[in-house]
Amino acid sequence: MSTIPQDNHLATALPGPRAQALEARAAAALPRAMTAAMATFAERTDRGILEDVDGNRLIDFGSGIAVTTVGGAAPQVAAAVCEQVGRLTHTSFAITRYAGYVELAERLNALAPGDAPKKTALFNSGAEAVENAVKIARRASGRQAIVCFDHAFHGRTALTMGLTAKAVPYKDGFGPFAPELYRVPTSYPFLDGLDGPAAASRAIAAIESQVGASRTAAVIIEPIQGEGGFIVPAPGFLATLQRWCADNDVIFIADEIQTGIARTGAWFACEHEGVVPDMVTTAKGLAGGMPLSAVTARAEIMDSVPPGGLGGTYCGNPVACAAALAVLDMIESQGLLARARDLGERGMERLRGWQETMAQVGDVRGRGAMMALELTDPRTGAPDAALTGQVAQRARAAGLILLTCGTRGNVIRLLPPVTMDDSLFDRGMDILADCLESAIQDRAEA
Ligand SMILES: *Cc1c(COP(=O)(O)O)cnc(C)c1O
């Protein structure tokens, strides 16, 4: 197992010679739709550092899109995977069952919010979990309509891209979309200035007038919207919505694919608001990089689907289950929920400082190791996607893996592995601060 010094270092400009050679082969062999944020190729990872094929050590503020929360190739996870892969790689759970799947379901049932008995089914990707959550909700409710929100992201498959809000690049030219999906306004405090109950009333009014409670199978919502811009809803928004769902026998689905499993400093982001969803989807942080997702819901909802109604050839793969069990053990034994909260405090303090000194930093927000800054024009308040792109480009060239997001393309998001140490995190924040300042400065001089 590799250990990499936890300091950043550029041996070459990015991309280095080996990465350039791979880039040329990729351009010839892969569809041009498969773009990448970083102009390099990965060789290995360890906690907060990704080393590329040219020996450059990059600071990881992306965790492979919120996946390697416990660190990439974490030794405990790698050991569990190696043990499992040498013993049993696949049977298909529908043919011959194995203990790891059951154990992981038990763990997720116990961790998911609420005291009611729960059951879990495993899948491969986030979108596949959302697809199955919708199937189960329709079967359980006997209704068809699914309500989603402005700025939502729920995946890129035929059903889930209809739930996803942003047209380019996720939906443009890929229609038609699945029927019986309805989009209503969300809570976006920086833009709408509404308190939580008011934003929820607006959403509920839209559902009641455009869909009808008695036709609505489920409301699906990210407790903190991810790809849409790391939007933390105003306090009370989720709880008000959840209460309306309960009053109207509408299934409340929390899509915790990005927020779940320690990312926000809790097992589930719903817990920060004391909200108990009927159903929850998880994926990204669940298995340390192995493809795995889960739908966890109250037992009677899950058992509304008759025998044989759920599954798939690879779903709940034994190697992925072994990785997930090791991830859950790591979070528990190493206190990683608290560590995510610490990183969040450390990061938000810096972000708030930048907001005070740089007028272009319109908003800063987040929970735990899921933080963001939204860049806007100080005079008009308009989103500044160009500046956002420039900052990201500079940071990436300087060796910081940095992701953007937002329906309006003007949000920089921070998703460090929580096993990153403080000094490396601070160095990453220093690089980001320099890139912000220099991009703003160059803008002023242009
Ligand atoms: C990433 C994501 C998905 C889709 O997951 P994939 O594994 O990419 O299919 C769904 N919902 C949310 C909230 C996500 O962040």
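How many aromatic pairs does a search of the whole structure find? The search finds 5. Rings of Phe, Tyr and Trp (its six-membered ring) count as a pair if their centres lie within 6.5 Å; planes under 30 degrees apart are stacked, over 60 edge-to-face, and the rest tilted. The model is predicted: local features need pLDDT of at least 70, side-chain atom pairs count only at pLDDT 80 or more, and totals for chains, interfaces and linings use all residues. Residues are numbered from 1 along each chain as its sequence is written, and side-chain values use heavy atoms, with hydrogens and water left out.

Among the 5 aromatic pairs is that of Phe61 and Phe425, with ring centres 5.4 Å apart and planes at 35°, so this pair is tilted. Phe61 belongs to the loop between β3 (57-60) and α2 (63-66), and Phe425 to helix α14 (residues 422-445), so the pair ties together parts 364 residues apart in sequence. Helices (H or I, at least four residues) and strands (E, at least two) are DSSP runs, numbered from the N terminus. Phe61 is buried, at a relative accessible area of 0%. Phe425 is also buried, at 0% relative accessibility. Here buried means under 20% relative accessible area, exposed means over 50%, and partly exposed lies in between (1.4 Å probe, protein chains only).

The rings of Phe149 and Phe237 have centres 6.2 Å apart and planes at 80°, so they are edge-to-face. Phe149 lies in strand β5 (residues 145-149) and Phe237 in helix α9 (residues 237-247), so this pair ties together parts 88 residues apart in sequence. Phe149 is buried, with a relative accessible area of 1%. Phe237 is buried at 1% relative accessibility.

Helix α9 is itself mostly covered, with 8 of its 11 residues buried. The buried residues of α9 are Phe237, Leu238, Ala239, Thr240, Leu241, Gln242, Trp244 and Cys245. Their cover includes β5, α8 (196-210), β7 (216-221) and β8 (251-255); contact means heavy atoms within 4.5 Å. Asp249 follows α9 and has a positive phi, near 55°.

Two further features involve aromatic rings. Phe93, Tyr98 and Tyr101 form one aromatic cluster. The charged end of Lys171 sits over the ring of Phe177, 5.1 Å from the ring centre. A charge sits over a ring if NZ of Lys or CZ of Arg is within 6 Å of the ring centre and within 35 degrees of the ring normal.

The backbone shows cis peptide bonds. One joins Leu14 and Pro15, with omega about -5°. Pro15 is in the segment before α1 (17-29). Another cis peptide bond joins Gly175 and Pro176, with omega about 5°. Pro176 lies in the loop between α6 (160-163) and β6 (181-184).

Glu180 is also found in the loop between α6 and β6. Glu180 has a positive phi, near 65°, in a residue other than glycine. Glu180 is partly exposed, with a relative accessible area of 21%. Ile65, again a residue other than glycine, has a positive phi near 60°. The place of Ile65 is in helix α2. Ile65 counts as partly exposed, at 39% relative accessibility.
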